Amino acid sequence: SGTIALNAGNAAGTITFSGGASTFPAALNLTSTAAGGITQSTGISVTGTTTLAAGAGNNITLDNAANNFSTVAVTSGNNVTLRDAGAIDLGTSTVSGVLSVTAGGNITESGALDVAAGASTFTINTALLADVLIGTQANNFAGQTVTFNEAAGGTIRDVSLRNTSAVAVYPTITTAGNPTPS
């Protein structure tokens, strides 16, 4: 029980998970220095909240198909890619570039998302009738493109989106590879 915290200590300031699958039975905090990002080559499983901080200029790439997160919050990151084998909950996050989230279950939020400088893509992958519900918080996507996709047989059932920006644009919804009216 408790929180596991890792701070990058190598010269590049990068945190990389490699080798066998990594399982964390508690909260996981990953903080990288200004010189590096957060990457992986093996699946990560965290039952508590995962908090990621790579710095506004560094990328976070946690795109392994075996990942199984509960809640993920991004304190800082440039281009952020998250993939979860099941459902994923997005905590309060600040992304200075592009946000890409792929899940084999529902995509929900428990904190506001601030992605004002880059496009955001939310993809349901393999799950039948999953929801993308990011309409409960005061999100700021500014005038950037927000896209909802289906992939690998996944289907979106319900979508909610809240963008508090005065320059918000309509989202794009792609189903079975074909865009639908947005």
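**Ground rules.** I number residues from 1 along each chain as its sequence is written, and my side-chain values use heavy atoms, with hydrogens and water left out. Because the model is predicted, local features need pLDDT of at least 70 and side-chain atom pairs count only at pLDDT 80 or more, while totals for chains, interfaces and linings use all residues.

**Entry 1, strand 10.** I looked up strand 10, residues 80-84; strands here are DSSP runs of E of at least two residues, numbered from the N terminus. Val80, Leu82 and Asp84 point to one face and are buried, where buried means under 20% relative accessible area, exposed over 50% and partly exposed in between (1.4 Å probe, protein chains only).

**Entry 2, its partners.** I then checked pairing, which takes at least two DSSP bridges between two strands. Strand 8 (residues 60-62) pairs with strand 10 in the parallel sense over three bridges, and Thr61 stands opposite Thr81. Strand 13 (residues 99-103) also runs parallel to strand 10, joined by five bridges. There, Leu99 is the bridge partner of Val80.

Most residues other than glycine have a negative phi. Thr126, not a glycine, has a positive phi of about 75°. Leu129 is not a glycine either, and its phi is positive at about 55°. I noted a relative accessible area of 48% for Thr126, so this residue is partly exposed. Leu129 has 51%, so Leu129 is exposed.

Notes
Helix = DSSP H or I, 4+ residues; strand = E, 2+ residues; numbered from the N terminus.
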